[in-house]
Amino acid sequence: VQLQASGGGLVQAGGSLRLSCAASGSIFSINNMGWYRQAPGKQRELVATITSGGRTNYADSVKGRFTISRDNAKNTAYLQMNSLEPDDTAVYYCNIESGSRNYWGQGTQVTVSS
């Protein structure tokens, strides 16, 4: 199973970015899909998750600004990020749960300038 994340970049505060994460390979079914992030010198933290049924969960710091979604037919998760802040600067990783296993993408850098 491979996860390909894309959509990161440099944006000014207040701007928007949309991350995508496409899963490929031998996938029977995907349960939860999620986005995590890790800023320099900090631990990796949860940003948002979405279940196979579409139920979502967000970190308090991104509620109202970020929206997670998924396209089950394409095995792809998305993270729409609006009103970005400098504190959102981090490497963003996608994660999927398939069966009893977890898979991680390679990470995509998001940098928000003030």
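Colleague: Isoleucine 96, buried or exposed?
Modeller: Buried, because its relative accessible area is 0%. Buried means under 20% relative accessible area, exposed over 50%, and partly exposed in between, with a 1.4 Å probe and protein chains only. This is a predicted model, where local features need pLDDT of at least 70, side-chain atom pairs count only at pLDDT 80 or more, and totals for chains, interfaces and linings use all residues. Residues are numbered from 1 along each chain as its sequence is written, and side-chain values use heavy atoms, with hydrogens and water left out.

Colleague: Which strand is isoleucine 96 in?
Modeller: Isoleucine 96 lies in β9. Strands here are DSSP runs of E with at least two residues, helices are runs of H or I with at least four, and both are numbered from the N terminus.

Colleague: And what does isoleucine 96 touch?
Modeller: Leaving out residues up to four places away in sequence, Val1, Leu3, Ala23, Ile30, Asn32, Met33, Arg101, Asn102 and Tyr103. A contact is heavy atoms within 4.5 Å.

Colleague: Switching to the whole fold. How many helices and strands?
Modeller: Zero helices and 11 strands.

Colleague: What about the overall dimensions?
Modeller: The C-alpha trace spans about 45 × 25 × 25 Å along its principal axes. The radius of gyration is 13 Å, which agrees with the value near 13 Å for a compact globule of 114 residues. That radius is taken over C-alpha atoms, and the globule rule is 2.2 Å times the number of residues to the power 0.38.

Colleague: What share of the residues is buried?
Modeller: Of the 114 residues, 43%.

Colleague: Which residues of the largest nonpolar core touch the most other members?
Modeller: Trp35, Val47, Phe66, Leu79, Met81 and Tyr92, out of 31 residues in that core. At least two core residues come from each of β1 (2-6), β3 (17-24), β4 (33-38), β5 (45-50), β7 (66-71), β8 (76-81), β9 (90-98) and β11 (108-113). A nonpolar core is a set of buried Ala, Val, Leu, Ile, Met, Phe, Trp, Tyr and Cys residues joined through side-chain atoms within 4.5 Å.

Colleague: Which residues does leucine 79 touch?
Modeller: Beyond four places in sequence, its contacts are Leu17, Arg18, Leu19, Trp35, Val47, Ala48, Phe66, Thr67, Ile68 and Tyr92.

Colleague: Last one, serine 113. Where is it?
Modeller: Serine 113 is in β11 and is partly exposed, at 28% relative accessibility. Apart from neighbours within four places in sequence, serine 113 contacts Leu10, Val11, Gln12 and Ala13.
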